[in-house]
Amino acid sequence: MLLLDYHNVLIHTLLTERFSGAPPASIDQVVSDFDGVTFHLSTPETKTQILISINVKCFRELVQYGAQQVLEREYGSYIVAPEPGYDFSVLIDLENLPAEQEAKDELVMRLALMKRNAMAAPFERAFDEFAKLSEEASKYTSESAPQGIKEGGEVMAIHYREEEAFYIKANNDRVTVIFSTVFREETDRIFGKVFLQEFVDARRRVLTLQNAPQVLFRNDPPLELEGVPGLQDPGDGTMSYVTFGRP
C-alpha cells in the first residue's frame, strides 16, 4: 500500500539538510506534486536566503474561502511578494533561523505543509460554520428551525484539477465533503470504481469501522450539489464523506 504524507517529502528533506548547518549552496529546483501543484525552491540573490514559492491551480478559489488569512497566520514575517508565475512565496534566511532545534524542525514541517495549509482554508471555514449552525440549531426544534439553519452553509467548490473538483458544505449536524472523480482509461475506471465502492462496503462489514465517517459513492450528483452554479458532469462518480455527524 502506498501511503502519501501530508507534507512534501522533497521540501522537508532539502530544508532539513540546509537547516542542519550544511554549507550554503545555490538552489534552483522545481518540485511537482501528484495533483499538479508546483513548488519552486531557489536562491535568487544569495545562497543563505531560500525562496519557496507555490503554484496551485485553484488558488483563487482557495483565497475566496480564507487561504490568504491561513497562510498569513502560518508564515507571518516570512511572506514576500509572490514570485512571477507563482501564487505565494516565503523567504527563509539561513542566517536568521530559530536557535532551538525543536523550533527549526517545526519551521521545516510548516514549510513542507504549505500546500496542505492552503487547501485547509475551506475546511476550516466549513468547521467554523458547522459550529455556528449547530449552536443556533440547538435553540430550536427540528421543525421550528429557520430555513437558513436547515439548509446550512454555502457549497464551497474547489476545482483542484482540470476535470475534477471537491465540494464542502456545512450543516448544523455535519460537514459533508464530496469528491468528483474522472478516470481516463477503461482499466482505471474499473479499478477506481471498485476501490471507491470499498470505502462504502468496508464500513458495513467491519465492526471497528462503523464509527468512521460515513462514505457514499454514487454515479449521479448528490443532493448537496443541487443548484451549484457551473456544476460540471461528475465524470465517473462522486465520493462523499460526512464528519461531525450526530450519533
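**Exercise 1. Classify Glu74 by accessibility and identify the salt-bridge partner of its side chain.**

Step 1. Glu74 has a relative accessibility of 19%, so this residue counts as buried. The classes are buried under 20% relative accessible area, exposed over 50%, and partly exposed in between, with a 1.4 Å probe and protein chains only.

Step 2. The partner is Arg73, whose side chain meets that of Glu74 in a salt bridge at 3.2 Å, N to O. The criterion is a side-chain nitrogen of Lys or Arg within 4 Å of a carboxyl oxygen of Asp or Glu.

The model is predicted: local features need pLDDT of at least 70 and side-chain atom pairs count only at pLDDT 80 or more, whereas totals for chains, interfaces and linings use all residues. Residues are numbered from 1 along each chain as its sequence is written, and side-chain values use heavy atoms, with hydrogens and water left out.

**Exercise 2. Describe the interface between domain 1 and domain 2.**

Step 1. The domain assignment, which is automatic or from a database, places domain 1 at 9-121 and domain 2 at 123-246. Their C-alpha centres are 31 Å apart.

Step 2. Contact, defined as heavy atoms within 4.5 Å, involves 14 residues of domain 1 and 13 residues of domain 2.

Step 3. The two domains bury about 1,200 Å² between them, and 49% of this lies on carbon and sulfur atoms. Buried area is the accessible area (1.4 Å probe) that two parts lose on being put together, summed over both. Of the area that domain 1 buries against domain 2, 46% comes from Lys57, Glu61 and Tyr65, more than from any other three residues.

Step 4. The rule finds 1 salt bridge across this interface. Glu124 and Arg73 meet through their side chains in a salt bridge of 3.0 Å, N to O.

Step 5. The side of domain 1 that touches domain 2 receives at least two residues from each of helix H2 (59-64), helix H3 (67-75) and helix H5 (114-137). Helices are DSSP runs (H or I) of at least four residues, strands (E) of at least two, numbered from the N terminus.

**Exercise 3. Explain which parts of the chain the pair Lys115 and Asp35 ties together.**

Step 1. Side chains of opposite charge can pair when their charged atoms come close. The count by the salt-bridge rule comes to 9.

Step 2. One of these joins the side chains of Lys115 and Asp35 at 3.1 Å, N to O. Lys115 belongs to helix H5, while Asp35 sits in the loop between strand S1 (28-32) and strand S2 (38-42); the pair therefore ties together parts 80 residues apart in sequence.

Step 3. Lys115 and Asp35 are both buried.

**Exercise 4. Locate the salt bridge of Glu106 and Arg110 and state the accessibility class of each residue.**

Step 1. The closest N and O atoms of Glu106 and Arg110 are 2.9 Å apart.

Step 2. Both residues lie in helix H4 (residues 101-112), and because they are 4 residues apart, about one helical turn separates them.

Step 3. Glu106 is partly exposed at 41% relative accessibility, whereas Arg110 is buried with a relative accessible area of 18%.

Step 4. Elsewhere, salt bridges with shared partners join Asp33, Asp35 and Lys115 into one network.

**Exercise 5. State how far Gly148 is from Ser32 in sequence and in space.**

Step 1. Gly148 is located in helix H6 (residues 147-151) and is partly exposed, with a relative accessible area of 45%.

Step 2. Gly148 and Ser32 are separated by 116 residues in sequence and by 41 Å in space, C-alpha to C-alpha.
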